Amino acid sequence: MNSIISLSVLGVLVLFLGILKKKTWLLPLILVGLLASLVMTVLHWNLNRSLFHNMLIIDNSGVAFSAVMIFSTFLIFMFAAQYYRKVVRPLDDIYAIMIFALVGAVLMSYFGNLIMLFLGIETLSIALYVLAGSHKEAITSNEATLKYFLLGSFLSGFLLFGIALIYGSSGSFDLYAIHTYVVEHIHPGLPPMFKAGLFLLIIGLAFKIAIAPFHFWAPDVYEGTPTLLTAFMATVVKTASVFAMYRFFSIAFFGIHGVWEMTIAILAGITIVIGNVTGIYQPNLKRMLAYSSISHSGYMMLAMVAFSGRTANALLFYAIAYSIATIAAFAILILVREARGNDYFGSFNGLSKNNRLEAFTLTVAMLSLTGIPPLAGFIGKYFLFAAAIEQGWLWLVIIAIAGSAVSVGYYFKPIISMYFREDQGILLKADWPFKIAILFLAILIILLGILPFLVSGLI
Amino acid sequence: MLTLILIVLPLLAAIGLFFVKNERWARNLALAAALTEFGISIAALVQFFLYCHCQLLFRLDWLANYGISLKFGMDGLSMLMTLLTTFLVPIIIYTSFSQKIYRVSSFYSLIILMQAGLIGVFTSFDGMVFYIFWELTLIPAYFIAGYWGGENRIRITLKFFAYTFSGSLLMLVAIIFLYSHTPLPHSFDHIWLYANNLNPTEQLWVFLAFFIAFAIKVPIFPFHTWQPDTYVTAPYSGSMLLGGLMSKMGLFGLIRWMIPIVYPVLSRTDGLFIIIPLIGIVYASLIAIRQDELKRFVAYTSIAHLGLIAAGALTLNSQAMQGAMIQMVSHGINIVGLFIIIQYIEARTKTTSISELGGIALKAPRLAVFFMIILLGSVALPLTNGFVGEFLLLLGLFKYYWLYAAVAGLTIIFSAVYMLWMYQRVMLGNTNLVTENFTDLSWREMIPLAAIVVLVIWIGVAPGMFMHLAENGVGQIIGVIR
């Protein structure tokens, strides 16, 4: 609760600073504010309370995921100064909208009621529609926002309809009430209305997470959206949506198997295959990262099908590993686009020669996303795969592993360009806070791989 | 504790080396680190007690609730492989001093990092930690071959990486699957993985996953297609690391992790899987005879020799397995020796094509002698290191089924044919334009070759210590199988 209030206040403050034209105060205030919210969120550890008649449930997994999302946003804001270096006008509106989107994401990680889930998703989505089009002069940005808005609002309708059908059959929005209803009606069987509602709910969430076959918007929107905000979409938004889905299933279907697992497993399999295979054919890093994010949604779906006491934590670890590696990749992407005009793989040629830190960070990020030990991405994958194998989903894990093998084909493209191809000569210019930030990310990726127990036993 | 030092020291050295700006310093520091490492492994050997398994144990919980612990130790097999690694890495580093290398510090940092990974592979007794170190060796190998490699390196090294990584992932599935079949609470400890209770179908699948993973790494025919190209394109140090040490990881995996876990498949399939490496022996030997490029030639002879080791290990016969261990050491030493000689020849003549060379022995008698001794080691002449292992391997194969031994025995004839014929064309005859100004080895160049030749003869004449170590290594595995 603290974090929701503090983040909302922070957003309003940022807007006020914009009115007062205090441009230089913006980022410091945001970074400090985010850290303060992070601390306030963590203070809720072991609180285990429900608020407003179960509308919000503050539990440890919600706290952990909120903390991860706030932390990711913090990391993304570290690169904002570099990204908007040449922009003269105050950016209070964009920053404030990002923070409001984060409020939506935090709501999604605490929801105990489907209405709250919908509220969170809409707070997040509407903010994102604006952010996707925030680069008004660029036609691609306009395309992105239009595409995202049209599809997104349509799919929100699916989600709402699904919630309505679930309400219609179970008589409640409350997750625990739905759970009671499911337990009572699982034998002889859930009514078709409930199943249809569940199905629509899955589709609505699958769109937000970008699970195949509802992923078509993702590459275009990611490509058109300003890069800094793409990083936000690919990490914070994805974490929030995946966790919302997990939270829904883990509470409303606690201890019940065989209702939705096969659907999700098939979606996960398709997503992993499509994400990885299509990823190979992408010409530039930004689109490649879009497909990478799609395939990682597929891996994270493994947590939904393999419920056990440890999957929440496996998902948390995966979300962290994925987020930091993706943010690191986007940070380098921002630099390369700035210096070399585009992000085709050719633009990365010879980067290792004069920009060793940048090349090293991107390499670590790519290797971590591929899942190579001893980096964080490997441990994340291992936790998920082990959980899935223990629950008997061997075929799905084999698909996932084959996907990982295929992913070498695209994650290694920037590495090959940076290290094995000739130089283009243009130096990347990064200021020292930027360099410290990417170094921090690289170290974090390695450290989490070597000392995974720092995070692995939390929830 | 010594085992842990053996892993941690090169890890720290690799990180430190990465930041050394001065090239001379980087070189000398790398060599010093590698020599220190060798010294520590000798200290470990001194402490090693022959009649006991899994010594010098270090154990620390890493992910306790997932059953993973850092469990490092030594048995005879680990000891042999560790000694091989720590012996070869200083030689590899030393011989690279004469090569023109840019970005020296990164180069040596990666070599030392690879050493850390190799020793981790050879000493870990926890399945997941084994896998982590297994993959850790792949990254430096990839960058060494890719960054300092020759023609077509991008395509070839990516193929190498994709191939071996896919194999490793199969192994990962197998290891996790085995883990989920250990008694509660699950554990990756090798004792628990050995004590699995899989049904025959599951055993077969686990066997296939392991077999393919290790066969790619060794490589065993028909999973060898990445290997000749990679050996050719990699810089000499890279080829030595790949041929001398990385190929041993695959054989080590077969002996330490595959055979004790799923040996019933081998007895059930009645030697079917021994045929695969046997085909490889004949196939690779025939190709080797027709090779003109020296590095490619060595690559194919390596497939043939490694195939024999794999075939012997798969018989589950204790003598053959002992021979396999000895031969792993011998092959590592010999192939590095051959690569060093090829490196010297290329440095002087700018070519590695057999048909362009000739008459070098006239100009360089010292080189000719070293070359001949190492060559005879590869051919497995009695009193050289190749003989001890090959004899035991063939003996074991013969006990298993005489026809297998007959086919495998061809390797002796074949290797004599291709090795001696190659020697004749490269070293004997008259000099030509290319080899006219060939200078003999300098003192500095002779040091690594002398070290190798000493071992070739030592293992050949007095294999006692190595045999005892191998016996110790075999003991545990045979114990599990019985």
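Predicted model: local features only at pLDDT ≥ 70, side-chain atom pairs only at ≥ 80, totals over all residues.
1. Start with the hairpin in chain B. Strand β1(B), residues 55-63, and β2(B) run antiparallel and are joined by six bridges. At one position along the pair, B:Q55 stands opposite B:M74 of β2(B).

2. Next, the turn of this hairpin. Four residues lie between β1(B) and β2(B), and B:G67 has a positive phi near 70°.

3. How much of strand β2 of chain B is buried? Five of the seven residues in this strand, residues 68-74, are buried, so the strand is largely enclosed by the rest of the structure. For this count, a residue is buried if 20 or more other C-beta atoms lie within 10 Å of its own.

4. In chain A, look at helix α5, residues 92-110. From first C-alpha to last, the 19 residues of α5(A) reach 27 Å, close to the 27 Å expected at 1.5 Å a residue. The helix α5(A) is also mostly covered, with 18 of its 19 residues buried.

5. Last, the two chains together. Contact involves 22 residues of chain A and 23 residues of chain B. On the chain A side, the elements that give two or more residues are α17 (376-390), α18 (394-420) and α20 (453-456). Of these, α18(A) supplies the largest share, ten residues.

6. What classes of residue make up the side of chain A that touches chain B? That side has 18 nonpolar, three polar and one charged residues.

Note on methods. Residues numbered from 1 in each chain as written. Chains lettered and ligands numbered in written order. Buried ≥ 20, exposed ≤ 12 C-beta atoms within 10 Å, placed from the backbone. Pairing = 2+ DSSP bridges. Expected span 1.5 Å × (residues − 1). Contact = placed C-beta atoms within 7 Å. Nonpolar A, V, L, I, M, F, W, Y, C, P; charged D, E, K, R; others polar.
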